[in-house]
Amino acid sequence: MVIKSKIKWIIILVMIVSTGSILIHLYLTNFSSAYMVRSRALTPESDSPQLTKLNPESFTNKKLWKPVNSLESLQPYANSRTHYPAPSIKGNGFIYAKVFGGFANIRSLICDLVTISRLLNATLVIPEIQQSLRSKGISQKFNSFSYLYDAEQFIASLKNDVIIVKSLPENLKEARKRNEFPIFKPKSSASPNFYLKEVLPKLKKSTVIGLILNNGGCLQAILPPTMSEFQRLRCRVAFHALQFRKEIKMFGVEMVKRLRSFGRPFLVFHPGLVRDTLAYHGCAELFQDVHTELIQYRRSQMIKQGILDEELTIESRLRRDNGSCPLMPEEVGLLLKAMGYSPRTIIYLAGSETFGGQRVLIPLRAMFENLLDRTCFYKDFSDLIGPEIPLHQDLFQAPSGKSEEQLKEEWEKAGPRPRPLPPPPDRPIYQHEKEGWYGWITETDAEPDPSPTDLRLQAHRLIWDALDYIVSVEADAFFPGFHNDGSSWRDFSSLVMGQRLYESASSRTYRPDRKYLANLFNVIRDNMYHPKHNWTLSVREHLNKSLSEEGIIRQSLFSKPISFLSHPLPECSCRISPYKVSKQLKGNDGRLLYGGEDECPKWMQNNQKVVPSEAAGEVSQDSMLESEEEMVDEQDSEDIDDKSSLTLPVDDEWDPND
């Protein structure tokens, strides 16, 4: 009996312990789930943003979001300064144009096209955007131009500069179909003399000329000082006349409102990882296997088309060290951490194409939990794209098989680049490995023509880029993974940086020197996540410089000769007194690249109130300041002051550790 009694109590004790253990596990599971829900970033299924909320009382690091006080005197002013007669109704004829390329090329080309029309005193027919025309079955409510921009606004805004019509007169349309008019394919850096001496005589003779534009620009970026009014016309086109159509504009504004709905600032990061950019600069070896082959194939196409005059195979490491390749998202994440941005910072990922997909973004997402993109804001884009004709499902046709001898010969000729390997024999070959880019690159030498679905996706990318452009211009801070700083390749980030410089020069726009940063990363390449303290100080010093006058001066030297819209100073800005420029920069021709801005007119002086004190901007920023948990002690600030070797005066506010 005693033994049975002991067994009974042991069983009861085991049951009590088991029950308690189950209750504890249920409590922990419920707590973990609740925490995950609270900390979960915005998802496509969410009706409203669900970013990590912070205690407002802990908002401490103000200086990561403050405007640049030394640049607050710069104000947008693209109005004509001299006698600027209205365009003549009896002009020299009509100009129509076919515009090829993506978002950045289209925007740059349209601005150049309007300037050329004014130069030749010609009537401009609204240009045809081929990216949308090539897509079959897009909504009939849009023509090629209005698929992206507001045509009525475009015509009305430029009525005092250029006469713009929607189409050629009926009596000239048939002649155009019969190719009776001369057609020109100008270079991206064509001079005004080319149009005045080569194009204008034929325009007067035939009444109509056509332009085929596909290099991102059709007029040289830097014009003679006597043509400053034409530069200001470019600004009026880019920053005032080229407005997105109403549906895109409203959606973009709504995205900005939702990003600000938590009372916190947000940063926009544009990776710049575009296949064409990587191929142009020879950055194939930053990736692996199939992605390397895709870039190399596109590079070979550029060489055949005459776009590029270089060797096919180039050591990408040297290009990266030279600053020609984009910063990888992992590197940008480390730079932002070094600046002091907390893991909870709201970062919006811009760009309709990120070559390499989500794989290259994994390190950045691990460092910043609130990394968002446009997919977090929509469920249905039907209001933007309009009713489209359904496409038939693309029927994949397997490429013709090759003999073993052919495959062996191609492998031997492939060189040292990594080649995609076939799936192991112990698993089946999946459908995605038989079609698309994987299928053709492993079986054929030539990329297949774009399918109807691919063409429609290219048109949709114009809309995605337009939405990201709106968000990028309005962001509290902007960081480009790649921007035009000496190359002849137009890019998204340069246009954003130019418009931010025009509209709000004091906004926090980083202008990193990729060559300098590449050298810094080479020092810590083997231990990137635990850099030394001096490395962090060097990063902060460089990026803080890039925000202020030194970064703008560098941009004027490297970016402006390629794209005027990336640096519309000094022609399109003015300065509010009593601010004075600390340093002026002149070009080789004696023209001021920075510091030559006119004084703002009195009506602007009266409407603008610039606060020169160190506290400027703090009042408006207090409601948006973010909690920064990884604050560095005050000693860091003293170290920066001691080691800094700035050539230009920098305000105390740029020490992020103060």
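1. Cys 325 is buried, at 2% relative accessibility. In this predicted model, Cys 325 forms a disulfide with Cys 283, and the two sulfur atoms are 2.0 Å apart.

2. How many disulfides does a search of the whole structure find? The search gives three. Another of them joins Cys 235 and Cys 572, with 1.9 Å between the sulfur atoms. Its S-S torsion is about 90°, so the disulfide is right-handed. Cys 235 belongs to helix α7 (residues 228-241), whereas Cys 572 is in the loop between α21 (549-558) and β13 (573-575), so the pair ties together parts that are 337 residues apart in sequence. Cys 235 is buried at 0% relative accessibility, and Cys 572 is buried at 0% as well.

3. Cys 574 is joined to Cys 600 by a disulfide with an S to S distance of 2.1 Å. With a torsion of about 90° about the S-S bond, this disulfide is right-handed. The pair links distant parts of the chain, 26 residues apart: Cys 574 is in strand β13, and Cys 600 is in the loop between β16 (598-599) and α22 (602-607). Both cysteines of this pair are buried. When the bonded cysteines of the protein are numbered in sequence order, the pairing reads 1-4, 2-3, 5-6.

4. Two further cysteines deserve a comment. Cys 111 takes part in no disulfide, and the nearest cysteine sulfur, which belongs to Cys 235, is 8.6 Å away. A disulfide requires two cysteine sulfur atoms within 2.5 Å. Cys 111 is buried, at 1% relative accessibility. Cys 218 is also in no disulfide; the nearest cysteine sulfur to it is that of Cys 111, at 9.9 Å. Cys 218 is buried, with a relative accessibility of 0%.

5. The student may next turn to the salt bridges, of which the count is 27. One of these connects Lys 177 with Glu 174, the closest N and O atoms being 3.9 Å apart. Why are these two residues separated by about one helical turn? The reason is that they are three residues apart in helix α5 (residues 170-177). Lys 177 is exposed, with a relative accessible area of 64%, while Glu 174 is partly exposed at 43%.

6. Arg 317 and Asp 321 also meet in a salt bridge, at 3.4 Å from N to O. These residues are four apart in helix α11 (residues 316-321), so about one helical turn separates them. Arg 317 is partly exposed, at 42% relative accessibility, whereas Asp 321 is buried, at 17%.

7. A salt bridge is also formed between Asp 373 and Arg 365, whose closest N and O atoms are 3.9 Å apart. Asp 373 is buried, with a relative accessible area of 12%, and Arg 365 is partly exposed at 32%. Elsewhere, salt bridges with shared partners join Glu 315, Arg 317, Arg 320 and Asp 321 into one network.

8. Are the residues on the faces of β11 buried or exposed? Ala 477 and Phe 479 on one side, and Phe 478 and Pro 480 on the other, are all buried, so that both faces are covered.

9. Strand β11 has pairing partners in the sheet. With strand β8 (residues 266-270), β11 pairs in the parallel sense over four bridges, and His 270 stands opposite Pro 480. With strand β12 (residues 508-509), β11 again pairs in the parallel sense, over two bridges. There, Arg 508 is the bridge partner of Ala 477.

10. Lastly, the surface carries a nonpolar patch formed by Ile 7, Ile 11 and Met 15, which together have about 300 Å² of accessible area. Met 15 lies in helix α1 (residues 2-39) and is exposed, with a relative accessible area of 53%.

Technical notes
Residues are numbered from 1 along each chain as its sequence is written. This is a predicted model: local features need pLDDT of at least 70, side-chain atom pairs count only at pLDDT 80 or more; totals for chains, interfaces and linings use all residues. Side-chain values use heavy atoms; hydrogens and water are left out. Patches are made of residues with over 30% relative accessible area and no salt bridge: like charges are joined within 9 Å, nonpolar side chains (Val, Leu, Ile, Met, Phe, Trp, Tyr) within 5 Å. Accessible areas come from the Shrake-Rupley method with a 1.4 Å probe; for residues, only the protein chains shown count as cover. A salt bridge is a side-chain nitrogen of Lys or Arg within 4 Å of a carboxyl oxygen of Asp or Glu. Buried means under 20% relative accessible area, exposed over 50%, partly exposed in between (1.4 Å probe, protein chains only). Two strands pair if DSSP finds at least two bridges between them.
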